Amino acid sequence: MATLKIKKGDTIKVIAGKDNGKEGKVLSVDAKKHKVLVEGVNMITKHTKPSAANQNGGIIQKEAPIDISNVMYVHKGKATRVGFKFENDKKVRFAKSTGEVID
């Protein structure tokens with residue numbers, strides 16, 4: 001299985017779907033299902049029963065996972081593709097538009 005190019009904490013831009021053009025921070029990555037959870041993107045309404053954590057229950061808004069193929073990494077305000085290269089015997093991610101190392 002290939003290494004995923006998006007990680008938790010990255011800023012991304014949605015490039016396809018109903019939230020096309022929105023930007024947000026990655027909250028979690030599911031590598032097996034190739035999905036990401038992005039802050040403020042792909043919001044759904046969920047009906048919840050009253051519980052110990054939520055006394056009233058009711059309708060809540062929450063993020064739903066979005067496919068990783070529908071998002072792009074944002075580097076210096078622009079969406080860019082991500083690649084891998086070796087620097088000093090260490091594998092690092094880099095932005096393909098500028099060639100700069102991300103992490």
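## Ground rules

Residues are counted from 1 along each chain as its sequence is written, and side-chain values rest on heavy atoms, with hydrogens and water left out. As the model is predicted, local features need pLDDT of at least 70 and side-chain atom pairs count only at pLDDT 80 or more, while totals for chains, interfaces and linings use all residues.

## Salt bridges

How many salt bridges are there? The count is four, taking a salt bridge as a side-chain nitrogen of Lys or Arg within 4 Å of a carboxyl oxygen of Asp or Glu. Among them is the pair E100 and K76, with N to O at 2.9 Å. E100 sits in the segment after β10 (90–95) and K76 in the loop between β7 (71–75) and β8 (78–80), so this pair ties together parts that are 24 residues apart in sequence. Strands here are DSSP runs of E with at least two residues, numbered from the N terminus.

Is K76 buried or exposed? With 63% relative accessibility, K76 is exposed, whereas E100 is partly exposed at 32%. The cut-offs are under 20% relative accessible area for buried, over 50% for exposed and partly exposed in between, using a 1.4 Å probe and protein chains only.

Another salt bridge joins K85 and E87, whose closest N and O atoms are 3.9 Å apart. K85 is partly exposed at 27%, and E87 is partly exposed at 35%.

## D19 and its surroundings

D19 lies in the loop between β1 (11–14) and β2 (23–30). Its side chain forms a salt bridge with that of K22, N to O at 3.2 Å. D19 counts as buried because its relative accessibility is 9%; K22, at 38%, counts as partly exposed.

What does D19 touch beyond its neighbours within four places in sequence? D19 is in contact (heavy atoms within 4.5 Å) with V14, V41, N42 and M43.

## The largest pocket

The largest pocket has a volume of about 220 Å³, the volume being the space filled by probe spheres set on the grid points, which are joined across faces, edges and corners. A pocket is an open set of points on a 1 Å grid over the protein atoms alone, where a 1.4 Å probe fits, with protein on both sides within 12 Å along at least five of seven lines; lining residues have an atom within 4 Å of a point.

Of the 15 lining residues, K5, I6, I68, V71 and V82 are the closest to the centre of the largest pocket. The largest share of the lining, three residues, comes from β7.

Key. Helices (H or I, at least four residues) and strands (E, at least two) are DSSP runs, numbered from the N terminus.
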